[in-house]
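Biologist: I am new to this one. Please show it to me, and let me ask how you know each thing you say.

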Amino acid sequence: MASEPEDEKRWEGLLRKMLPAGAPLPDEEHLDYSIAIEYEGPPLPYDLPEVDPVNIDSLNLHSSSVAAGSVEAPSSIPVASPVGQKVSRFNRARNGGVVKETSRTVSFPTPRTQPELRNSREGSEFEGAEEGFISELPVQDSNLEQKPIGGATGGKRAAVVTFNEPRDLENEGDPENDNDGGRSSSPQSSAATEQVGSPVAWASSPGRRSSKRGICSRCGKGNRLKEREWCLVCDAKYCSNCLLKAMGSMPEGRKCVSCIGQPIDESKRSSLGKCSRILSRVCSPLEIGQIMRAEKECPANQLRPEQLVVNGRQLREEELAEILGCELPPQKLKPGRYWYDKDSGLWGKEGEKPGSIISSKLNVGGKLRSDASNGNTKVFMNGREITKIERRMLKLANVQCPPDTHFWVYDDGSYEEEGQNNIKGNIWGKASTRFICSLFSLPVPSGNQSGAKEDPTTPSSRSVPEYLEQGRVQKLLLFGLEGSGTSTIFKQAKLLYGNKFTSEELQNIRLMIQSNMYKYLSILLEGRERFEEEALTENRISLSAAHDSPSVVDESEQCIYAINQRFKHFSDWLLDIMATGDLDAFFPAATREYAPIVYEVWRDPAIQETYKRREELHCFPEVAKHFLDRAIEISSNEYEPSETDILYAEGVTQSNGLASMEFSFDDRSAMSELYNETYEYPLALTKYQLIRINSKGLSEGFKWLEMFEDMRAVIFCVALSDYDQMWADGNGLLHNKMLASRDLFESLVRHPCFRDTAFVLFLNKYDAFEGKINQVPLSACEWLRDFSPVRPHGNNQSMAQQAYYYVAVKFKELYSSITGEKLFVAQTRAWEGASVDEAFKYVREVLKWDEEKNDNFFAINGDDSFYSTEMSSPPVRQE
Ligand SMILES: Nc1nc2c(ncn2[C@@H]2O[C@H](COP(=O)(O)OP(=O)(O)OP(=O)(O)O)[C@@H](O)[C@H]2O)c(=O)[nH]1
Ligand SMILES: [Mg+2]
C-alpha cells in the first residue's frame, strides 16, 4: 500500500511537471484551482467572450453548444468553473474544432468544491477524438441520453435497482439538474435523513450518477471512454492519475480523504470489495487485497440495524448481528424492507416474491404478515399469501394448491396442509422443480439444507446454487420462429463455453436424430409421390396431344420418380405412420430393424431425383443428407453423436423445447483490449444463463412469457434465408416466414414483460442467405420489396451484405418505432462456432453499454441516421 510519504512524493512529482522549471512548489493552501483551455478549431462564427481573468464565474457558462461544426453562437463557452477561482490561462486558438482542456493545476478537492467541480466537467466531454473507435462499438441513440432517466418516455430501466422510494425525486428525473443534484442527494443529506431512522432514506437513487460522466473530479480532465474510480460516499470520481492523491491510503476503501468516516452511498454497496480495473492498475495486488478487505470490513461501511425493516419492524442491533452471523445470511443485503418466513427460511423484499432462502428460525423483525409478498392467489404458505409465480411453480411441481389452501412448509422443503400432520412431499425434491425455480428466479434451498439428493448429471442441479446469489447471473432469453436456428445457437454456445452435454442429453439427441431421419425420408417419399404424379400427368397430356388418343404405354416404367414395389410398401407404411403422428411409438425398436431399407430407399435413383428438387419440399432441412447418408451407422446401438451431429440434430430437447445453460466468458471487453488494459487483479466473471424456448410452446397467447420477466436481454433469432419461405400458423394458414418472424418479434417487443429488456437481433443463416439472394430476389417478401441494391461489380458478396443491412434496418426501424430505442443486430451462421462466439461477445458488449447508458456515464453524441451511420457501424454487426 502506498504510504503517505510516497503519496506526497508522487504528488510533488506531478506538480513539478505542471509548473515551469525551477518554480518553487506552492504550499497546499495557496494552490490555485486554475483552468487552462485551448480552443483548437476552425474559425468560430462568433467571438469568444472576453474573460474576466479574475472571476471566471462572470462567464455564466454552459456546456454543449461549442462542438465541432456547431454554427449557432452559444451564449457561453462549454466550461464552467468552481465559484470564485482564478483563471491562470485562457487560451483561444482557432484552428481546430473542439474545445479542449490542456492543463489544470488543482488543489485538494474539498467536500464543498466537489459539486462545483462537476459543472466544470461539462465543457470538455465531447472531445470527439475517439469517433473512429466509437463507431466500432454499439452506439447509443443520441436522443436517448436526453431522456429523463426512468422518465415517462418509455425509457428503459435505470441501472440502479431501487425497491424503496427514491430519495430525491426532483433531481432524479432530470439529468440536467444533476449538476448539483448530486449534492442534494449527497451522503451528507442521507446522513441527515438517516437520523430519522427511515430505511427508505437509504434507497439507491438512480439519478445520482447521472451527468458526471467521464470527468475527473480532481484534475478535471475528461474522456468519456476512460474509466474513473468513484468515491463510495460522494459523487466525486477520479482518473488513474489522481486516484491515489484523492483517496490516500484508503483505510476504509475507496473514499475521498475528506469522506473517510462517513457512511457509504447505499447505491454503491454492491461494489464494496470488488476491485475495479482502474484500481488494479494503480495498486499492487497486495495493496488491493488490503483495500478491499478494509472496504468490506471497516465499521463505517457496515449496514446499521435501523436501515433494515423485517416483517414491518425495524431491526435491533442484536437482530442484525443474528442475520449477518447465521449460516446462510441474505446475500448482498441492502437497506430496505423485507419479509422473512422463519419456518421455511424464505426471504424476500416487501411486496415481492421470495428472493432467497436463508437460515430458518432466526428471531428477527416482526411477525410474518399474510400480505408480505403482496400475493393474491388465496394460497397461503406459513401464513403468507403466495404470489402467482410461486403458485405456478407449485403446480408444475405437482403440488395441489386450489384456492384457500394453507400450507405449512419447513426449512427442508417438506410440506403439509395446515392442521393435517401429514407430510405430503418435498417441494424442491425434484430436479425438474429446481430447474423451473431457476428459470423463474425463485429460490431453492442450497444442497445441504434441502436434504434433497442432487442428480449431478442434470444441468439444473449443477447450476442451481449459482442462482442463489441474485444478480450475479444475467439471463438471456433466446427465441425465434420455428426453424430460425435457436436450438443450433444454443447447442453451439454449449459447445463453445464448456458446458458438457450430459449422457441424458446425448441420449435425447441420439433419439432425435434417429427419429428425424425417418421424418426426412418421409418428406422425400411424399415429394416423390407428388413429382411422380405430376410427371405422369404431364406425360399423359403430351402423349394425348401427340397421338390424339389415350396412352397405352406403361407409364410407371418410364418415370424417373418411380420406385419398386418393396419400397412402395415401405413408403406407404411410413407415410401412414407419419400421418397418424405415431412415429415415436416405433422407436427405438424400429430404428435398427429398418435402417437397411432406409439407406436403400435413400440411395434409390427416384429419391435422389426427388432430392434434387428439395427446394420444392416443405420443411426439408439441409442437414437431412448429413444423416441419411449415414443411416446405418446412426441406427446402430453404438452410435454416439459427434459434435457436428449434435449441432445438426434439429432441437435441443425432445419435449417442450425449454432448455437452459449457464456460461461465462472472459469479461474483458473490446474496449479494454483496445486500451491494452491488463488485469493484475482477478475480476469476477459475469455469468450468463441462456434460456431457449421453442416458439411452439408459446401458442397459448404468450402466457409463458410472463415467467421470463426478469430477463436481462432477449436474443431474437431470425433466419435470413426465410424471406421466400412459407410457414403455417396454428390454424394451418400459410404466411411468408420472414413476415411471421417480424410479427413474432413485434409481439415480443410489445410484451409488457420485456418493456425494460434489451433486445439483440441475431440474423442467422447468413450462409444460406448468401447462396440464395442472387437466385430469389429479396422482394419475394412483401415487407422487403423496396430493397434496391446498388450493383457496383455485380458481385454476390456485396449483394448479400446489402440485403442483410436492409433487413437489419427494417427490424431496427420497427423496433425504434415501438420503443424509441436502438436495436442491436448481429449476423450469425449458427453452424460456425466462431460466428456464434462473436455474436455472444457482441451481446456482452451491448449489455455493458446498456448498463453504462443507464448509468449515464458516457455521453455519446452521434449522428444517427439509419442509412449513413448504421450501414457502417456495429449496431448492425459486420462480418
Ligand atoms: N444453413 C444454415 N442452416 C442453419 C443455420 N442455423 C441453423 N440451421 C439449420 O436450420 C434448421 C433449424 O434450426 P434449429 O436450430 O433447429 O431451429 P429452431 O429455432 O430450434 O427451430 P425449432 O426447433 O423448429 O423451434 C436446422 O436444420 C439447422 O441445422 C445456419 O446458420 N445456416
Ligand atoms: Mg430446432
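Modeller: Start with Arg 337. Arg 337 is buried, with 21 other C-beta atoms within 10 Å.

Biologist: Why is Arg 337 called buried?

Modeller: A residue is buried if 20 or more other C-beta atoms lie within 10 Å of its own, exposed if 12 or fewer, and partly exposed in between, with C-beta atoms placed from the backbone. Arg 337 has 21, so it is buried. Arg 337 sits in strand β8 (residues 336-340). Helices (H or I, at least four residues) and strands (E, at least two) are DSSP runs, numbered from the N terminus. Arg 337 and Asn 311 are 26 residues apart in sequence, with 7.7 Å from C-alpha to C-alpha.

Biologist: What kind of model is this, and how is it numbered?

Modeller: The model is predicted: local features need pLDDT of at least 70, side-chain atom pairs count only at pLDDT 80 or more, and totals for chains, interfaces and linings use all residues. Residues are numbered from 1 along each chain as its sequence is written, while chains are lettered from A and ligands numbered from 1 in the order in which they are written.

Biologist: How many helices and strands does the protein have?

Modeller: The protein has 28 helices and 23 strands. Buried residues are 41% of its 879 residues.

Biologist: What makes β17 and β23 edge strands?

Modeller: First, the sheet. It is open and mixed, with 6 strands in the order β17-β18-β16-β19-β22-β23. β17 (659-664) and β23 (824-827) each have a single partner strand, so one side of each lacks a neighbour in the sheet. Two strands pair if DSSP finds at least two bridges between them.

Biologist: How do you know that β18 pairs with β17?

Modeller: β17 and β18 (residues 687-692) share 6 bridges, in the antiparallel sense. The definition asks for at least two bridges, so they count as paired. Glu 662 has Gln 689 of β18 as its bridge partner, and Phe 663 has Tyr 688. β16 and β18 also pair over 6 bridges, but in the parallel sense. There, Leu 476 is bridged to Leu 690 of β18.

Biologist: What makes β18 mostly covered?

Modeller: In β18, 5 of its 6 residues are buried.

Biologist: Why is Asn 764 called buried?

Modeller: Asn 764 has 30 other C-beta atoms within 10 Å, and the cut-off is 20 or more, so it is buried. Asn 764 lies in strand β22. Two residues are in contact if their C-beta atoms, placed from the backbone, lie within 7 Å. Leaving aside neighbours within four places in sequence, the contacts of Asn 764 include Cys 717, Thr 828 and Ala 830.

Biologist: Where does UniProt place the feature "binding site"?

Modeller: An unreviewed UniProt entry places it at Asn 764, Lys 765, Tyr 766, Asp 767 and Ala 830. They are spread over 67 residues of sequence but cluster in space, with a largest C-alpha distance of 9.3 Å. UniProt positions are in the numbering used here, feature names are shortened, and annotations may be inferred rather than shown by experiment.

Biologist: Why is Asp 767 called partly exposed?

Modeller: Asp 767 has 18 C-beta neighbours inside 10 Å, which falls between 12 and 20, so it counts as partly exposed. Asp 767 is in helix α26 (residues 766-772).
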